Amino acid sequence: MSEDIVKDETIKKKIKKDSGVICVGLDCGTMHLVCSRSDTDEVRVTRNVFLPIDKDDISINKLTDISYVKTEDDDIFIIGSDAFEFANLFGQTVSRPMERGLISPKEISAIDVLTLMIKDLIGDTTDKDVYCSYSIPAEAIDEARSVTYHENVFARILNNLGVNHTSVNEAMAIIYSECAKEKFSGIGISFGAGMANVAISYKGVEAHTFSTARSGDWIDKQVAEALAMIPNRVTNVKEKYMKLTGEVTIKNKKTKRILEALYYYHKALIEYTVKKIIEEFDEKVDIEMDDEIPIVISGGTSLPEGFVNLFKSVISNYELPFEVSEIRAAKNPLTAVANGLLIRTIADVKGK
Amino acid sequence: MKKLKLVIKEKGKYIQIPGIAPFRTPASVRINKSNLPLVLQVLHKCAVSDFEIVPDDNTEPITETQPIKNKKDPEINDRLDRLESLLTTLVSKNISQKSNNSEQITNRLGRIERILKTSDRFDLDDIGIGKPRVEEMEDQYIPEIDLSDMKLSGKSIEVVDKKSNKDVDDAVDLLSSLTRNGGK
């Protein structure tokens, strides 16, 4: 099978469009794995987390309706949202194959579990040629971690599943998904769990990409440290009650404190990212952009109500080195990257 | 101090032993005998069972990453040696001629400085020497994937959105045409 696998640029030469081909966009995020396929309008998602449990602690019979992976040695890993719920229930911390936007060196032994999750997510591809673009972050400008290893792990996983693959920058995928009306010119920002990824694109050409190691997890960690609690609890409150409109309607005093802290750290995150965009644009972007360009915001961390307005409010305090036509959220911040990757895959495959 | 060598063959573990730079297995690392209990404790914590601790006769610590570096060094060192010898010749020529033309000497020294700055910026990847080898080694650190003894039960997948296939097709056509025409 491995001989049939086609990597990177060779995808473009491999085939013409035909019914035996499936194109896939696979968003490999720290918190979610999202898949968009060319042969269905459904966009599928699973939580990129798992929880190893001791076989003596729980009986298989009790795992009805729970998603889990079981090995021959009876090791059990609860996967997806169920892992998160179980961990919250028992006050444990879930294991995450990815950490701060990249494959985690601590959890690399779980690569088999991750492979099974991706296989399940992509779904049935029997007797089909499958071509996939998968997301990778840009190199971080504030942290010395290489994306090469991360990229190679996912390449190996897709190789193992018999999928032809190429890696595509995550923020560029937002441009492909959301900026067709601007002929793929714009700034795409993906506020993921692990990293904030930024792509500056001009007419579909990547002018500059970079990432910072501050995003959703950074917020959770800062809040958890400030209020002396576990990050899981903060994430839980954030996902259930967070609104960035400035008003806190919750009565529970402890939850209210978490929400207030979350607001301040969201604002700090946006301030930091905007400053970095300005610095990077000034120093690294050579293209003269005469036209106004949109800023498109996406990623799970941008999901709370009011995020885009908070972004607009923060950025209005800065003098920008480019003209902005509009600041808007992606149509679906959770699925934009996967859809953009699908567009890129089909364009690569179809154009040959 | 008595030196030992820790050899871990198991792939894909990330080991952090206090006093030793973190490394990824497979690896061969020099350790102190006095550190042995701590090393064993860390290995136990990381669930590493396939390892050996043997006497170390080498004077230099050994790690998996060093051979890669050493393999690259001769080529780059040869270049730097040649550059050094060229610079020595230029400088000695200047001295022997005892030129009084200070402007000429300043210009030459300026050129030499630029050459030296260029050599500082040598990047193996830029000149295409090391890259394939590095990727090869990166790949070696990734454990083999074996799903034969694993079974997934239940459904962890949710459908969260329905995309518009027409929007996708339109975007694909536009992207293809922009790519074909170089962004025009």
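Start by picking A:T71: its bridge partner in β6(B) is B:M150. This is a predicted model, by the way. Now widen the selection to strand β5 of chain A, residues 68-71, together with β6(B), and you'll find four bridges joining the two strands, which run antiparallel.

**The side of chain B that touches chain A**

Next, select everything on either chain that contacts the other: 37 residues of chain B are in contact with 53 residues of chain A. Colour the chain B side by element, and the ones giving two or more residues are α4 (131-140), β6 (150-153), β7 (158-162) and α5 (165-180). Which of them gives the largest share? That's α5(B), with 11 residues.

**Over to β1 of chain B**

Stay on chain B and select strand β1, residues 3-8. Six bridges join β1(B) to strand β4 (residues 27-32) of chain B, and the pair runs antiparallel. Five bridges join β1(B) to strand β5 (residues 51-55) of chain B, again antiparallel.

**Last stop: helix α7 of chain A**

Jump to chain A and select residues 231-241, helix α7(A). Show A:V234, A:T235, A:V237 and A:K238, which are buried. Look down the axis of α7(A): these buried residues fall within an arc of 165°, so they line one face of the helix.

What covers the buried residues of α7(A)? The cover includes α6 (216-227) and α8 (253-284) of chain A. The axes of α6(A) and α7(A) come within 8 Å and cross at roughly 115°, and the crossing is right-handed. For the contact itself, show A:D220, A:K221, A:V223 and A:A224 from α6(A), which meet A:P231, A:V234, A:T235 and A:K238 in α7(A). By class, this contact has four nonpolar, one polar and three charged residues. Leave A:V234, A:T235 and A:K238 highlighted: they are among the buried residues of α7(A) and also take part in the contact with α6(A).

Notes
Residues are numbered from 1 along each chain as its sequence is written. Chains are lettered from A and ligands numbered from 1 in the order in which they are written. This is a predicted model: local features need pLDDT of at least 70, side-chain atom pairs count only at pLDDT 80 or more; totals for chains, interfaces and linings use all residues. A residue is buried if 20 or more other C-beta atoms lie within 10 Å of its own, exposed if 12 or fewer, and partly exposed in between; C-beta atoms are placed from the backbone. The arc is that of the directions from the helix axis to the C-beta atoms. Two residues are in contact if their C-beta atoms, placed from the backbone, lie within 7 Å. Two strands pair if DSSP finds at least two bridges between them. Axes are lines fitted to C-alpha atoms, for helices over the stretch in contact, and angles run from 0 to 180 degrees between N-to-C directions. A crossing is left-handed if the near helix is turned anticlockwise from the far one by less than a right angle, and right-handed if clockwise. Ala, Val, Leu, Ile, Met, Phe, Trp, Tyr, Cys and Pro count as nonpolar, Asp, Glu, Lys and Arg as charged, and the others, Gly among them, as polar.
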